[in-house]
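Here are a few friendly notes to read alongside the model.

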Amino acid sequence: RQATEAYTVSLKYEPDNKASQSYLDRATKRLAKQEKGGAGTAVDSSFSVVSEWSKTEKRDVDQKEAEKYKLLGNQRMANRDYSGALESYTSALQLCPNGPNSHVYYSNRAAALCYLERYDEAEADSTRSLELSPKYGKAHSRLGLSRFFMGNYAGAVEAYTNALKHDPDNAASRSYLVKARARMERDDASLADPSESGIESASESVPGTPARRQNFTSSASIHRPDPDGFASPDRGITNKLSNNNNNSSHSASSRLLTSP
């Protein structure tokens, strides 16, 4: 039976192979005789060459399709279609949740989520990416970015420190590590002396975030969580926050982010 399946698969790739065709015919006849007489050596019916081949083929096809969705997501990110990019990376993950490049899909989706101000989800995706590839520097960097905007400066320091272990020349990660440390130290100081907290007025604070962690000034520079594939991760470009959005100074959509 296994010989029959093996030669069947072989002929899919080499349909003109006379030797394989000949052996397939012989194996088929012997199998028929064996099944008719109820004799012969028992085989493990749980194993099928054809089914194993089909699984491998499907996995390869899914991986190729997932890569197409990743590239589409990158294009949408470049066009600032962050919701569309989110959908593309999600489609890639649905096809290939544990493939060789799935850590990239998770990390890229985290970048899109950061643009959409969904930082808790971005943190979760960055974590999933690192579970698949612990040394992936971009995922560490995006984990730091999401934690930074969630006000978890100690967590951001940890993430950016790890990012620089795997990508020591990333100027943006180095810059943001300094910023996160400064804000963490400021918070520690404010706990010891509330008069030194530098808390802004309620109208300038970010809803849902502890007030002592909301001192985002117009001079702060944020880095763009560009996905893998269309922007260099080590450019370290930094930009000023946009001053055009007077009605929502805390809106992440007004922040010009540079590559992690």
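**Notes on the rings and cysteines**

1. Ring pairs join Tyr119, Phe148, Phe149, Tyr153, Tyr160 and Tyr176 into a cluster. Rings of Phe, Tyr and Trp (its six-membered ring) pair if their centres lie within 6.5 Å; planes under 30 degrees apart count as stacked, over 60 as edge-to-face and the rest as tilted. The search of the whole structure gives 6 aromatic pairs.

2. Please keep in mind that this is a predicted model, in which local features need pLDDT of at least 70, side-chain atom pairs count only at pLDDT 80 or more, and totals for chains, interfaces and linings use all residues. Residues are numbered from 1 along each chain as its sequence is written, and side-chain values use heavy atoms, with hydrogens and water left out.

3. Phe148 and Phe149 make an edge-to-face pair, because their ring centres are 5.7 Å apart and their planes stand at 85 degrees. Phe148 is buried, at 2% relative accessible area, and Phe149 is buried too, at 7% (buried means under 20% relative accessible area, exposed over 50%, partly exposed in between; 1.4 Å probe, protein chains only).

4. Tyr160 and Tyr176 form a tilted pair, 5.9 Å centre to centre with 50 degrees between the planes. This pair links distant parts of the chain, 16 residues apart: Tyr160 belongs to helix 8 (residues 153-166) and Tyr176 to helix 9 (residues 171-192). Helices here are DSSP runs (H or I, at least four residues), numbered from the N terminus. Both tyrosines, Tyr160 and Tyr176, are buried.

5. How many disulfides does a search of the whole structure find? The count is 0, where a disulfide is a pair of cysteine sulfur atoms within 2.5 Å. Cys96 is buried at 7% relative accessible area, and Cys114 is buried at 2%.

Conventions: Helices (H or I, at least four residues) and strands (E, at least two) are DSSP runs, numbered from the N terminus.
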